[in-house]
Amino acid sequence: MSAARVSQGARRHVAVGALFLVAWQITAFVDAPHRSGVVLGLYGFVLHTVAGKGYALVPSYFDRTLSHPGAPAMSLPLLSLGTVGLTVAPLDDIPSVVGIAGAVCWALGALVFVGAVGWTVRDNLTGRETGTGEVNVDRRRVDRAANAFVPVVLAYLVAGAYETVAVSAALPTLTGRGMAGASHLLAAGVGALLVFAVGFRLLPRFLVSSPPLVLVIVVLTAGAVGPALIAGNLWGGTWFRVGAAAESIAVGGFAIAYISLFVRSERRRVGLYGPLAGVVMGVMGVALGAHVAFAGVSPGWSIAHYRLNLLGFLGLTIVGVAFQFYPPAIGTFLGANDRTALASMGCLAAGVGVEAYGSLAGFDASTGIGRFLALIGAGLYAYLLLGLFRERYGG
(Lines give C-alpha, C1' and ligand atoms only; values in the text may rest on other atoms or scores of the structure.)
Protein backbone atom coordinates (compact mmCIF):
# COMPACT_ATOMS: atom_id res chain seq x y z
CA MET A 1 0.00 0.00 0.00
CA SER A 2 2.78 2.45 0.90
CA ALA A 3 4.60 1.66 -2.36
CA ALA A 4 1.42 2.40 -4.29
CA ARG A 5 1.07 5.76 -2.52
CA VAL A 6 4.63 6.71 -3.37
CA SER A 7 4.17 5.62 -6.99
CA GLN A 8 0.94 7.61 -7.30
CA GLY A 9 2.55 10.66 -5.74
CA ALA A 10 5.53 10.40 -8.07
CA ARG A 11 3.25 10.22 -11.14
CA ARG A 12 1.31 13.28 -10.00
CA HIS A 13 4.51 15.30 -9.63
CA VAL A 14 5.56 14.25 -13.13
CA ALA A 15 2.10 15.04 -14.54
CA VAL A 16 2.03 18.51 -13.00
CA GLY A 17 5.56 19.04 -14.29
CA ALA A 18 4.31 18.28 -17.81
CA LEU A 19 1.59 20.91 -17.47
CA PHE A 20 4.15 23.46 -16.31
CA LEU A 21 6.27 22.57 -19.36
CA VAL A 22 3.36 23.52 -21.63
CA ALA A 23 2.70 26.71 -19.65
CA TRP A 24 6.39 27.59 -19.94
CA GLN A 25 6.36 27.28 -23.72
CA ILE A 26 3.19 29.37 -23.93
CA THR A 27 4.79 32.18 -21.92
CA ALA A 28 7.89 31.98 -24.12
CA PHE A 29 5.79 32.14 -27.30
CA VAL A 30 3.82 35.21 -26.14
CA ASP A 31 7.02 36.83 -24.82
CA ALA A 32 5.93 36.99 -21.16
CA PRO A 33 8.44 38.28 -18.57
CA HIS A 34 11.67 36.30 -18.65
CA ARG A 35 11.54 35.59 -14.92
CA SER A 36 8.09 34.00 -15.22
CA GLY A 37 9.41 31.64 -17.88
CA VAL A 38 12.39 30.66 -15.75
CA VAL A 39 10.09 29.86 -12.84
CA LEU A 40 7.74 27.74 -14.95
CA GLY A 41 10.62 25.88 -16.58
CA LEU A 42 12.84 25.36 -13.55
CA TYR A 43 10.66 25.44 -10.45
CA GLY A 44 7.66 24.04 -12.29
CA PHE A 45 8.68 21.54 -14.94
CA VAL A 46 12.21 20.43 -14.03
CA LEU A 47 11.99 20.38 -10.24
CA HIS A 48 8.48 18.92 -10.01
CA THR A 49 9.68 16.05 -12.21
CA VAL A 50 12.92 15.75 -10.22
CA ALA A 51 10.93 15.50 -6.99
CA GLY A 52 8.55 12.93 -8.41
CA LYS A 53 11.21 10.60 -9.77
CA GLY A 54 13.42 11.34 -6.76
CA TYR A 55 10.77 9.96 -4.43
CA ALA A 56 10.50 6.86 -6.61
CA LEU A 57 14.18 6.17 -7.38
CA VAL A 58 16.52 7.55 -4.72
CA PRO A 59 15.39 5.37 -1.78
CA SER A 60 15.75 2.19 -3.84
CA TYR A 61 19.19 3.30 -5.06
CA PHE A 62 20.22 3.53 -1.41
CA ASP A 63 18.63 0.12 -0.67
CA ARG A 64 15.88 1.77 1.36
CA THR A 65 12.12 2.36 1.22
CA LEU A 66 10.75 5.90 1.51
CA SER A 67 10.18 6.39 5.23
CA HIS A 68 7.20 8.73 4.81
CA PRO A 69 4.96 7.52 1.95
CA GLY A 70 2.69 10.54 2.43
CA ALA A 71 5.49 13.00 1.64
CA PRO A 72 4.74 13.22 -2.12
CA ALA A 73 1.13 14.17 -1.39
CA MET A 74 2.36 16.86 1.03
CA SER A 75 4.98 18.42 -1.23
CA LEU A 76 2.97 18.54 -4.46
CA PRO A 77 0.48 21.31 -3.52
CA LEU A 78 3.22 23.33 -1.84
CA LEU A 79 5.51 23.14 -4.88
CA SER A 80 2.65 23.81 -7.30
CA LEU A 81 1.14 26.78 -5.48
CA GLY A 82 4.62 28.15 -4.87
CA THR A 83 5.43 27.93 -8.57
CA VAL A 84 2.24 29.78 -9.48
CA GLY A 85 3.01 32.53 -6.96
CA LEU A 86 6.57 32.95 -8.21
CA THR A 87 5.35 32.95 -11.82
CA VAL A 88 2.88 35.81 -11.42
CA ALA A 89 5.13 37.86 -9.12
CA PRO A 90 7.04 39.59 -11.98
CA LEU A 91 3.82 40.72 -13.69
CA ASP A 92 2.63 44.32 -13.43
CA ASP A 93 0.57 45.40 -10.42
CA ILE A 94 1.17 42.18 -8.48
CA PRO A 95 1.78 42.88 -4.75
CA SER A 96 5.22 41.80 -3.51
CA VAL A 97 3.56 39.61 -0.88
CA VAL A 98 2.47 37.25 -3.66
CA GLY A 99 6.07 36.55 -4.61
CA ILE A 100 7.08 36.13 -0.98
CA ALA A 101 4.21 33.73 -0.31
CA GLY A 102 5.07 31.77 -3.46
CA ALA A 103 8.72 31.53 -2.48
CA VAL A 104 7.92 30.37 1.06
CA CYS A 105 5.35 27.87 -0.19
CA TRP A 106 7.75 26.41 -2.76
CA ALA A 107 10.59 26.25 -0.24
CA LEU A 108 8.38 24.34 2.21
CA GLY A 109 7.59 21.82 -0.52
CA ALA A 110 11.29 21.44 -1.27
CA LEU A 111 12.01 20.90 2.42
CA VAL A 112 9.37 18.18 2.60
CA PHE A 113 11.15 16.38 -0.24
CA VAL A 114 14.61 16.86 1.31
CA GLY A 115 13.35 15.81 4.74
CA ALA A 116 11.62 12.66 3.50
CA VAL A 117 14.49 11.50 1.28
CA GLY A 118 17.17 12.60 3.75
CA TRP A 119 15.53 10.79 6.66
CA THR A 120 15.12 7.69 4.51
CA VAL A 121 18.85 7.47 3.70
CA ARG A 122 20.16 8.94 6.98
CA ASP A 123 21.99 5.74 7.93
CA ASN A 124 23.48 5.32 4.45
CA LEU A 125 24.45 8.86 3.44
CA THR A 126 27.49 7.82 1.43
CA GLY A 127 25.33 5.41 -0.54
CA ARG A 128 27.61 2.45 0.00
CA GLU A 129 24.56 0.19 0.17
CA THR A 130 23.29 0.51 -3.38
CA GLY A 131 20.60 -2.11 -3.76
CA THR A 132 22.57 -3.38 -6.75
CA GLY A 133 21.81 -7.04 -7.38
CA GLU A 134 24.42 -9.72 -7.88
CA VAL A 135 23.69 -9.85 -11.59
CA ASN A 136 24.97 -6.24 -11.78
CA VAL A 137 27.85 -6.58 -9.35
CA ASP A 138 30.21 -5.06 -11.94
CA ARG A 139 28.21 -1.81 -11.75
CA ARG A 140 28.53 -1.44 -7.99
CA ARG A 141 31.51 0.95 -7.98
CA VAL A 142 29.79 3.34 -10.39
CA ASP A 143 26.58 3.06 -8.36
CA ARG A 144 28.40 3.96 -5.15
CA ALA A 145 30.12 6.91 -6.79
CA ALA A 146 26.79 8.19 -8.10
CA ASN A 147 25.04 7.73 -4.75
CA ALA A 148 27.71 9.72 -2.92
CA PHE A 149 26.66 12.90 -4.74
CA VAL A 150 22.93 12.68 -4.00
CA PRO A 151 23.37 14.41 -0.58
CA VAL A 152 25.13 17.22 -2.47
CA VAL A 153 22.02 17.56 -4.64
CA LEU A 154 19.86 17.80 -1.51
CA ALA A 155 22.17 20.47 -0.08
CA TYR A 156 21.88 22.50 -3.28
CA LEU A 157 18.09 22.18 -3.12
CA VAL A 158 18.04 23.58 0.42
CA ALA A 159 20.41 26.39 -0.60
CA GLY A 160 18.35 27.24 -3.70
CA ALA A 161 15.09 27.19 -1.75
CA TYR A 162 16.56 29.54 0.89
CA GLU A 163 17.98 31.84 -1.79
CA THR A 164 14.58 32.04 -3.47
CA VAL A 165 12.93 33.09 -0.21
CA ALA A 166 15.76 35.44 0.72
CA VAL A 167 15.68 37.30 -2.59
CA SER A 168 11.87 37.50 -2.58
CA ALA A 169 11.70 38.74 1.02
CA ALA A 170 14.83 40.95 0.94
CA LEU A 171 16.66 38.79 3.50
CA PRO A 172 20.44 38.18 3.56
CA THR A 173 21.33 35.99 0.58
CA LEU A 174 23.94 33.31 0.00
CA THR A 175 25.16 34.46 -3.40
CA GLY A 176 24.29 38.13 -3.63
CA ARG A 177 23.27 37.59 -7.25
CA GLY A 178 19.49 37.86 -6.97
CA MET A 179 17.20 35.30 -8.53
CA ALA A 180 19.92 34.45 -11.06
CA GLY A 181 21.95 33.02 -8.18
CA ALA A 182 19.00 30.94 -6.97
CA SER A 183 18.31 29.70 -10.51
CA HIS A 184 21.88 28.52 -11.03
CA LEU A 185 21.95 26.76 -7.65
CA LEU A 186 18.77 24.89 -8.58
CA ALA A 187 19.30 24.29 -12.31
CA ALA A 188 22.96 23.23 -12.18
CA GLY A 189 23.21 22.08 -8.56
CA VAL A 190 19.94 20.13 -8.41
CA GLY A 191 18.75 19.51 -11.97
CA ALA A 192 22.02 18.82 -13.76
CA LEU A 193 23.83 17.11 -10.87
CA LEU A 194 20.89 14.78 -10.26
CA VAL A 195 20.80 13.98 -13.98
CA PHE A 196 24.47 13.01 -13.69
CA ALA A 197 24.04 10.98 -10.48
CA VAL A 198 20.82 9.19 -11.40
CA GLY A 199 21.78 9.05 -15.06
CA PHE A 200 24.96 7.10 -14.40
CA ARG A 201 22.88 4.50 -12.60
CA LEU A 202 19.86 4.46 -14.86
CA LEU A 203 20.95 5.09 -18.44
CA PRO A 204 23.70 2.44 -18.65
CA ARG A 205 21.12 -0.17 -17.61
CA PHE A 206 18.72 1.04 -20.30
CA LEU A 207 21.55 0.74 -22.83
CA VAL A 208 23.00 -2.48 -21.39
CA SER A 209 26.46 -0.96 -21.18
CA SER A 210 28.80 0.61 -18.61
CA PRO A 211 30.67 3.94 -18.44
CA PRO A 212 34.30 4.10 -17.20
CA LEU A 213 34.53 4.84 -13.48
CA VAL A 214 37.14 7.58 -13.97
CA LEU A 215 34.85 9.53 -16.29
CA VAL A 216 31.95 9.12 -13.85
CA ILE A 217 34.00 10.56 -10.98
CA VAL A 218 35.28 13.47 -13.08
CA VAL A 219 31.76 14.39 -14.23
CA LEU A 220 30.23 14.14 -10.76
CA THR A 221 33.03 16.07 -9.06
CA ALA A 222 33.02 18.86 -11.62
CA GLY A 223 29.21 18.91 -11.57
CA ALA A 224 29.21 19.29 -7.79
CA VAL A 225 31.76 22.13 -7.68
CA GLY A 226 30.64 24.16 -10.68
CA PRO A 227 27.19 25.36 -9.55
CA ALA A 228 28.39 26.94 -6.31
CA LEU A 229 31.22 28.79 -8.06
CA ILE A 230 28.95 30.01 -10.86
CA ALA A 231 26.06 31.08 -8.63
CA GLY A 232 28.31 32.91 -6.19
CA ASN A 233 30.33 34.77 -8.81
CA LEU A 234 27.95 35.74 -11.61
CA TRP A 235 28.89 37.51 -14.05
CA GLY A 236 32.64 37.74 -14.00
CA GLY A 237 35.92 37.11 -12.24
CA THR A 238 38.30 34.22 -11.91
CA TRP A 239 36.03 31.98 -9.84
CA PHE A 240 33.16 32.47 -12.24
CA ARG A 241 35.41 31.25 -15.04
CA VAL A 242 36.56 28.29 -12.95
CA GLY A 243 32.93 27.40 -12.26
CA ALA A 244 32.01 27.70 -15.93
CA ALA A 245 34.95 25.48 -16.87
CA ALA A 246 33.94 22.90 -14.25
CA GLU A 247 30.34 22.83 -15.49
CA SER A 248 31.55 22.53 -19.07
CA ILE A 249 33.69 19.54 -18.11
CA ALA A 250 30.75 17.95 -16.31
CA VAL A 251 28.25 18.36 -19.15
CA GLY A 252 30.83 17.54 -21.81
CA GLY A 253 31.98 14.44 -19.94
CA PHE A 254 28.41 13.27 -19.45
CA ALA A 255 27.76 13.81 -23.15
CA ILE A 256 30.82 11.73 -24.08
CA ALA A 257 29.71 8.99 -21.69
CA TYR A 258 26.12 8.85 -22.97
CA ILE A 259 26.94 9.11 -26.67
CA SER A 260 29.55 6.35 -26.39
CA LEU A 261 27.10 4.13 -24.51
CA PHE A 262 24.39 4.83 -27.09
CA VAL A 263 26.65 4.07 -30.05
CA ARG A 264 27.85 0.79 -28.51
CA SER A 265 24.35 -0.32 -27.56
CA GLU A 266 21.93 -2.20 -29.77
CA ARG A 267 18.99 -0.71 -27.86
CA ARG A 268 17.05 1.89 -29.81
CA ARG A 269 13.98 2.51 -27.68
CA VAL A 270 12.35 5.83 -28.43
CA GLY A 271 12.99 7.37 -25.02
CA LEU A 272 16.74 6.92 -25.37
CA TYR A 273 16.81 9.56 -28.12
CA GLY A 274 15.76 12.22 -25.60
CA PRO A 275 18.99 12.18 -23.57
CA LEU A 276 20.96 11.85 -26.84
CA ALA A 277 19.53 15.13 -28.14
CA GLY A 278 19.71 16.56 -24.63
CA VAL A 279 23.45 16.10 -24.16
CA VAL A 280 24.12 17.67 -27.58
CA MET A 281 22.05 20.70 -26.55
CA GLY A 282 23.81 20.72 -23.19
CA VAL A 283 27.24 20.93 -24.80
CA MET A 284 26.04 23.86 -26.88
CA GLY A 285 24.55 25.51 -23.81
CA VAL A 286 27.68 25.27 -21.66
CA ALA A 287 29.77 26.44 -24.61
CA LEU A 288 27.71 29.62 -24.67
CA GLY A 289 28.07 29.87 -20.90
CA ALA A 290 31.84 29.57 -21.21
CA HIS A 291 31.79 32.30 -23.84
CA VAL A 292 29.92 34.57 -21.43
CA ALA A 293 32.41 33.75 -18.66
CA PHE A 294 35.57 34.29 -20.70
CA ALA A 295 34.54 36.79 -23.39
CA GLY A 296 31.60 38.64 -21.87
CA VAL A 297 27.89 38.77 -22.64
CA SER A 298 26.84 39.25 -26.25
CA PRO A 299 23.29 40.13 -27.40
CA GLY A 300 21.04 37.08 -27.32
CA TRP A 301 23.66 34.76 -25.88
CA SER A 302 22.24 34.61 -22.36
CA ILE A 303 18.74 33.68 -23.58
CA ALA A 304 20.14 31.02 -25.91
CA HIS A 305 22.28 29.66 -23.06
CA TYR A 306 19.27 29.47 -20.75
CA ARG A 307 16.99 27.75 -23.27
CA LEU A 308 19.63 25.30 -24.49
CA ASN A 309 20.43 24.20 -20.95
CA LEU A 310 17.01 24.25 -19.31
CA LEU A 311 14.81 23.06 -22.18
CA GLY A 312 17.47 21.43 -24.35
CA PHE A 313 19.68 19.55 -21.91
CA LEU A 314 17.47 19.07 -18.84
CA GLY A 315 14.15 19.15 -20.70
CA LEU A 316 14.92 16.65 -23.44
CA THR A 317 16.70 14.34 -21.00
CA ILE A 318 13.71 14.38 -18.65
CA VAL A 319 11.22 13.85 -21.47
CA GLY A 320 13.21 10.93 -22.88
CA VAL A 321 13.58 9.24 -19.51
CA ALA A 322 9.86 9.77 -18.83
CA PHE A 323 9.05 7.96 -22.07
CA GLN A 324 11.28 5.11 -20.87
CA PHE A 325 9.35 4.79 -17.63
CA TYR A 326 5.95 5.43 -19.19
CA PRO A 327 6.15 4.05 -22.77
CA PRO A 328 3.44 5.68 -24.91
CA ALA A 329 3.08 2.55 -27.00
CA ILE A 330 1.36 0.70 -24.13
CA GLY A 331 -1.57 3.11 -24.41
CA THR A 332 -4.57 2.54 -26.67
CA PHE A 333 -5.78 6.14 -27.10
CA LEU A 334 -5.32 8.14 -30.29
CA GLY A 335 -1.65 8.85 -31.03
CA ALA A 336 -0.30 6.68 -28.21
CA ASN A 337 2.74 5.35 -30.02
CA ASP A 338 6.48 5.80 -30.46
CA ARG A 339 6.02 8.03 -33.51
CA THR A 340 4.19 10.64 -31.47
CA ALA A 341 6.82 10.43 -28.74
CA LEU A 342 9.56 10.89 -31.33
CA ALA A 343 7.66 13.82 -32.82
CA SER A 344 7.43 15.39 -29.36
CA MET A 345 11.18 15.16 -28.78
CA GLY A 346 11.92 16.17 -32.36
CA CYS A 347 9.81 19.32 -32.05
CA LEU A 348 11.45 20.19 -28.73
CA ALA A 349 14.96 19.68 -30.10
CA ALA A 350 14.26 21.52 -33.36
CA GLY A 351 12.49 24.28 -31.49
CA VAL A 352 15.38 24.88 -29.11
CA GLY A 353 17.89 24.78 -31.93
CA VAL A 354 15.99 27.17 -34.20
CA GLU A 355 15.26 29.52 -31.30
CA ALA A 356 18.90 29.54 -30.21
CA TYR A 357 19.96 30.38 -33.77
CA GLY A 358 17.43 33.20 -33.87
CA SER A 359 18.59 34.59 -30.54
CA LEU A 360 22.26 34.50 -31.54
CA ALA A 361 21.73 35.86 -35.05
CA GLY A 362 19.10 38.40 -34.08
CA PHE A 363 16.39 36.87 -36.30
CA ASP A 364 13.09 37.37 -34.51
CA ALA A 365 11.26 35.15 -37.00
CA SER A 366 13.52 32.19 -36.18
CA THR A 367 13.03 32.79 -32.48
CA GLY A 368 9.25 32.76 -32.90
CA ILE A 369 9.28 29.63 -35.08
CA GLY A 370 11.52 27.82 -32.60
CA ARG A 371 9.28 28.67 -29.68
CA PHE A 372 6.21 27.52 -31.61
CA LEU A 373 7.86 24.18 -32.40
CA ALA A 374 8.83 23.78 -28.75
CA LEU A 375 5.22 24.47 -27.74
CA ILE A 376 4.02 21.70 -30.08
CA GLY A 377 6.61 19.31 -28.61
CA ALA A 378 5.60 20.16 -25.05
CA GLY A 379 1.93 19.73 -25.88
CA LEU A 380 2.54 16.28 -27.39
CA TYR A 381 4.57 15.24 -24.35
CA ALA A 382 1.83 16.32 -21.94
CA TYR A 383 -0.85 14.70 -24.11
CA LEU A 384 0.94 11.34 -24.16
CA LEU A 385 1.89 11.36 -20.50
CA LEU A 386 -1.45 12.50 -19.10
CA GLY A 387 -3.36 10.24 -21.48
CA LEU A 388 -1.32 7.25 -20.40
CA PHE A 389 -1.72 8.07 -16.70
CA ARG A 390 -5.47 8.41 -17.11
CA GLU A 391 -5.82 5.19 -19.10
CA ARG A 392 -3.46 2.98 -17.08
CA TYR A 393 -3.77 4.39 -13.58
CA GLY A 394 -7.08 6.25 -13.57
CA GLY A 395 -5.44 9.64 -13.16
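I looked up Ala170 first: at 68% relative accessibility, Ala170 counts as exposed, because the cut-off for exposed is over 50%. This is a predicted model, so I'm reading backbone angles off a prediction. Ala170 sits in the loop between helix 6 (150-169) and helix 7 (178-207). I checked its backbone too: phi of Ala170 is near 60°, positive although the residue isn't glycine.

Next stop, Asp31. I found Asp31 in the loop between helix 1 (2-29) and helix 2. Its phi is also positive, near 60°, again in a residue other than glycine. Buried or exposed, then, is Asp31? Asp31 is exposed, with a relative accessible area of 61%.

Then I went along helix 2 itself, residues 34-61. Where is the kink in helix 2 centred? I have it centred on Gly54, with a kink of about 45°. Helix 2 is mostly covered, and I noted 24 of its 28 residues as buried, that is, under 20% relative accessible area. After helix 2 comes Asp63, and I logged a positive phi there, near 60°.

Which form does the bond from Leu234 to Trp235 take, cis or trans? I got cis, with omega near 10°. Trp235 lies in the loop between helix 8 (213-233) and helix 9 (238-264).

Technical notes: Residues numbered from 1 in each chain as written. Predicted model: local features only at pLDDT ≥ 70, side-chain atom pairs only at ≥ 80, totals over all residues. Heavy atoms only, no water. Bend = angle between axes of the 7 residues up to and from the residue. Helix = DSSP H or I, 4+ residues; strand = E, 2+ residues; numbered from the N terminus. Buried < 20%, exposed > 50% of the residue type's maximum accessible area, 1.4 Å probe, protein only.
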